[in-house]
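Me: I am new to this structure. Please show it to me, and then let us go through it by question and answer.

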Amino acid sequence: MVKAFIFDVDGTLADTERHGHRVAFNQAFEQFGLDWYWSEETYGELLAVTGGKERMRHYVETHQKPEQDREDLAALIKQLHQKKTENYVELLNKNAIPLRPGIDRLLNEARESGIRLAIATTTTPDNVTALLENALGRESLDWFDEIGAGDIVPNKKPAPDIYQHVLQNLGLNADECIAFEDSINGIRASKGARLRTIITYNGYTEHDDFTGAELVLDVIGDEGHPSRVMQQTWHQDYLTVDAIQRILPGNS
Ligand code: XBP
Ligand code: MG
């Protein structure tokens, strides 16, 4: 039987990138008097680099003038990122970003079935807290046995480090767990940790290569909001814990 579900956050639990992170980055750029601006399209390209600080550095290296002093740049990125995190949390507190269809139900089904919950994400811990508190209530933080987030590991996704860290802290083997991801960087990380992976893609990731995924859907889905299955054959209106236990029973 499957013993734990490990969820990515951005793009998987909620569509946070386009109207959340991107907006918070642009606010920070403006607050620092920079003329940088990330359009929805540019941001889609920048998502190839995970991690906000890493993404900004990549942007400067590829889109800005090369004379930027290296040390100054590291300090600027750190300050910008602190501001961006404040902006993002404020944005969620003012206007909660909803969870994707079926997530709330699946989390509750899992809890009722005794399946443990965990998070493995590159985003900053404060962002995870703000998302969960606003979408599910403060008590939902206790639903997760392990929240692996941000700079806690040296290498961010697509490296498997964050998943390996979470597995170790859960005390479980990869074949006892299922990862939920939305992107190519995410599945590279989860597969790198030998985790069976269910993909729910979104507007930014629908054309990513999900080779190796056990299941690829548009959404987990719900009553009145069925899932569309892109890879593998599976016939049910939406994904349930029972269906997961049936099709991906696990090795232990
Ligand atoms: C999410 C990310 C994050 C967010 C920004 O990737 O790449 O960097 O866009 O968060 P994944 P921070 O869903 O694969 O975990 O600015 O806090 O880094
Ligand atoms: Mg993601």
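**Strands, helix and metal**

Reply: I199 stands opposite V216 in β6. Strands (E, at least two residues) and helices (H or I, at least four) are DSSP runs, numbered from the N terminus. This is a predicted model, where local features need pLDDT of at least 70, side-chain atom pairs count only at pLDDT 80 or more, and totals for chains, interfaces and linings use all residues. Residues are numbered from 1 along each chain as its sequence is written, chains are lettered from A and ligands numbered from 1 in the order written, and side-chain values use heavy atoms, without hydrogens and water.

Me: How many bridges join β5 to strand β6?

Reply: Two strands pair if DSSP finds at least two bridges between them. β5 and β6 (residues 215–217) run parallel, and the bridges joining them number three.

Me: Which residue in β5 is the bridge partner of E181?

Reply: Strand β4 (residues 177–181) runs parallel to β5, joined by four bridges. The β5 partner of E181 is I199.

Me: Why is strand β5 largely enclosed by the rest of the structure?

Reply: Buried means under 20% relative accessible area, exposed over 50% and partly exposed in between (1.4 Å probe, protein chains only). R196, I198 and T200 point one way from β5, T197 and I199 the other way, and all are buried. β5 (residues 196–200) is largely enclosed because the buried residues number five of the five.

Me: What handedness does the β-α-β unit of β4, helix α8 and β5 have?

Reply: A crossover is right-handed if, with the strands pointing away from the viewer, the path from the first strand over the helix to the second runs clockwise. Helix α8 spans residues 184–192. Its unit with β4 and β5 is right-handed.

Me: What covers the buried residues of α8?

Reply: The buried residues of α8 are N185, G186, I187, A189 and S190. Their cover, by contact (heavy atoms within 4.5 Å), includes α7 (161–170), β4 and β5.

Me: Which residues coordinate the magnesium ion (ligand 2)?

Reply: Donors are N, O and S atoms within 2.8 Å of the metal (3.2 Å for Na, K and Ca); water is not among the atoms, so sites may look incomplete. In sequence the donor residues are spaced D-x1-D-x171-D. Both D8 and D10 are buried. At 2.1 to 2.2 Å, the ion is coordinated by D8 (OD), D10 (O) and D182 (OD).
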